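Trainee: Hi, could we go through this one together? I'd like to talk about cavities and the ligand.
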Amino acid sequence: MTDVQPDHATATHALAVYRCAVPAPLLTLLDYLPPLNSQAAPLPGTRVWVPLGRRTVIGIVISVESDTDLDRSKLKAIDALLDAQSLFDSPQMALLTWAARYYLHPPGEVFVLGLSPRERRGEPTAPTGKPGVKLNARGIGLPAGALSRAKKQALLLTALQHRPHSLEELADQGLSRAVIRALAAKDLIEYCDIKGDHRWASRDHLDPTEEQQRAITTINSKESGFVCHLLEGITGSGKTEVYLQCAAQVIEREQQVLILLPEIGLTPQMLGRFQSRFDAPVIMLHSGLADSERDRHWAMAREGAAAIILGTRSAVFAPCARLGMIVVDEEHDHSFNQQDGLRYSARDVAVKRAQLSGCPIILGSATPSLESLRNVEENRYRLLTLSERAGGASVPSKKVVDIRGLALEAGLSQPLLSAVHSTLSAEKQVLLFLNRRGFAPTLLCHDCGWLSTCDHCDARLAVHRKPTELRCHHCNSKKFLPRSCPNCQGSRLVSTGLGTEQTELTLQRLFPSFPVFRVDSDSMSSRHAMDNLSQQLDTGEPCIILGTQMLTKGHHFPAVTTVGVIDADGLLFSPDFRGEERLLQLLTQVGGRAGRGHHAGEVIIQTHYPDHPLIQAVMNQDYGVLARDLLNERRRRGLPPVGAMAMLRCDSTDFNQGLAFLSAIKAQLSRDSAIVLIGPIPAAMARRAGRYRAQLLLLSSDRRALHHAATQMAWVADGVKKTGDIKWFMDIDPADSA
Ligand code: ADP
Ligand code: ZN
Ligand code: ZN
């Protein structure tokens, strides 16, 4: 039967049911009837206007069904179609479907992650080109020399006779908007969209070391398809060079490369390295871009016009027409964990995406997560190692300073200060690490013991000097710095403890002839701050860089030879079972910032506990050995990544309501001997931003059983009647379990 009757198609369309993801906290999709006044049938992956309660909202058609379990007469019809074509490619559609199921999150909130800002607002997809002009039919027909008396207009005409130009290019040639408007007024030219050029090529690369070559050959081997490679390479071993050379081969096949980085501050550095290596469109996708730029880049990725896409965690959901490889740099970094809305690990989602797209993925780190090391043990990931620093740089030496009984100036001991002094005298740069921003973490009354606490959180307010105020680092609420104690009116208020602002002042006083750069989320909040700082540091002039964990990420500071950890003790005692892993990663990463150029580096760690096993371990062994010990420890205790974990968290303005809600859920769960269920218990910080937080925790050695139980828990929670303003959500593989 070849001739399908048109009215037959319409009839099928009229009977169809459209299953849509809608913006509401529902675990289900909703069924809608076909639009009433339209012949066109909505396609999966397109946006539609649908009624929801009393509102009209943007839904996304996920599937077209021939029937529904519901009463057809109760269903509402789609109001209008927004797109003629799907906005999602099929691996992306599969990825988002998987994410909603795996993370047990409302699909309506998951699918919008695949859309650009303007698409989420219901606007059409952005044009991918730049605004420009070209000759219209009259302009093309114009004889040469026609405008010879108006010089600039004639120049513009000549340029356009050659090819269309973007407004940007024309401005560079000194042809102003006024000239363009003049020719447009004469009806000779018209505005148009200029696409980038389509040459995709790479330029010269470095000669790889033997280890790099082995990694590149393995990753690019023809058998490929989906393989997850863990590239474990010490800091400065040339992991980025491996990414670049693997990317070159992907680009040659005209396929796209998606590169995920832990934070925005790193994207300009990486962008520079990719732009100088490739003669192809390289774009960025992160929250620091203006919406219009993000819209355009998003569309370029979807069309396949962008060759290389550099982004932070949310870019893992960006559409890509021809994805050929994914890279997750600094894969152990906690910035890859999204902590509100859909709580996901961008690394884990990236691995799933590579699998669905049938392409290789590289997870790179000097300090791989225990999750990835475990996957190597289980033969799910393939391990590639870079054990030497590239380009002739040597590995830094390490030294512990026992600060018990030593006089300290803003946390700095004499041995550390003399190291700073001699480094600066040798015209080199110093990097000091202190993981607390602000001036001091606490304000205390010496007379009565009063402490400055946040009104909305179970937390203390930190003292800040620029501007002078008390600030909560959890909810960001602020208060005036009091002159006298609010409790006893005494005047002896003391700032206790140490923050970066305080140490900065002391360093400026002690080393007045050298610049001190402070790097924390307060000083680096502007868009280009990190970029500007990198440029200054690249001059190689002697200086001191003082910062929080922002410094430990992949930044490249070639002139730094001395690294000091001002207070390792603040990191030693953590309530989270991941505390030790994080401390090891942090100390290794900070240490790795030393001596990346051609000069040997030194790492100095200040502590009151020089004999603590972790400090000893960092001094005497390398990360790889220690991490594998920690993994065995987790195995003994049945904790992730060996055991699987999930949490149902809730928050409410009433402490007891939250606990009652969780108890009601617990009572309805079926018992399973493979699952340990703990709770309901209050979270470690029971009150945050005015809301009380509590949780139910699931733990099991059987991943499948755990996901089954978590799924049941989510559906029970979905059905339980909520009193007050309870909000709940699932946290699968929680990044923080306190
Ligand atoms: P990682 O990403 O592992 O920290 P990078 O890729 O940033 O390391 O490399 C560290 C330094 O070594 C960079 O300056 C880089 O240009 C240089 N480098 C990397 N590979 C080579 C190589 N094969 N030959 C010479 N220099 C190299
Ligand atoms: Zn007091
Ligand atoms: Zn607070």
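Mentor: Happy to! Cavities first: here a cavity is a set of grid points where a 1.4 Å probe fits but cannot get out, worked out over the protein atoms alone. Keep in mind that this is a predicted model.

Trainee: How many cavities of 30 Å³ or more does that give?
Mentor: The count is 2.

Trainee: Which residues lie nearest the centre of the largest cavity?
Mentor: Arg343, Tyr344, Asp731, Ile732 and Asp733, out of 13 lining residues. By class, that lining has 5 nonpolar, 4 polar and 4 charged residues.

Trainee: And what lines the second largest cavity?
Mentor: Ser202, Arg203, His205, Leu244, Gln245, Ala248, Arg277 and Phe278. Helix α10 gives the largest share of that lining, with 3 residues.

Trainee: Switching to ligand 1, which helix supplies the largest share of its shell?
Mentor: α10 again, residues 239–252, with 3 residues of the shell. In total 17 residues surround ligand 1, and Asp207, Gln212, Gly236, Lys239 and Thr240 are the closest.

Trainee: How much of ligand 1 does the protein bury?
Mentor: The protein buries 78% of the 560 Å² that ligand 1 exposes when taken alone.

Conventions
Residues are numbered from 1 along each chain as its sequence is written. Chains are lettered from A and ligands numbered from 1 in the order in which they are written. This is a predicted model: local features need pLDDT of at least 70, side-chain atom pairs count only at pLDDT 80 or more; totals for chains, interfaces and linings use all residues. Side-chain values use heavy atoms; hydrogens and water are left out. A residue is near a molecule or strand if one of its heavy atoms lies within 4 Å of it. Accessible areas come from the Shrake-Rupley method with a 1.4 Å probe; for residues, only the protein chains shown count as cover. Helices (H or I, at least four residues) and strands (E, at least two) are DSSP runs, numbered from the N terminus. On a 1 Å grid over the protein atoms alone, a cavity is a set of points where a 1.4 Å probe fits but cannot get out, and a pocket is an open set with protein on both sides within 12 Å along at least five of seven lines; lining residues have an atom within 4 Å of a point. Grid points are joined across faces, edges and corners, and a volume is the space filled by probe spheres set on the points. Ala, Val, Leu, Ile, Met, Phe, Trp, Tyr, Cys and Pro count as nonpolar, Asp, Glu, Lys and Arg as charged, and the others, Gly among them, as polar.
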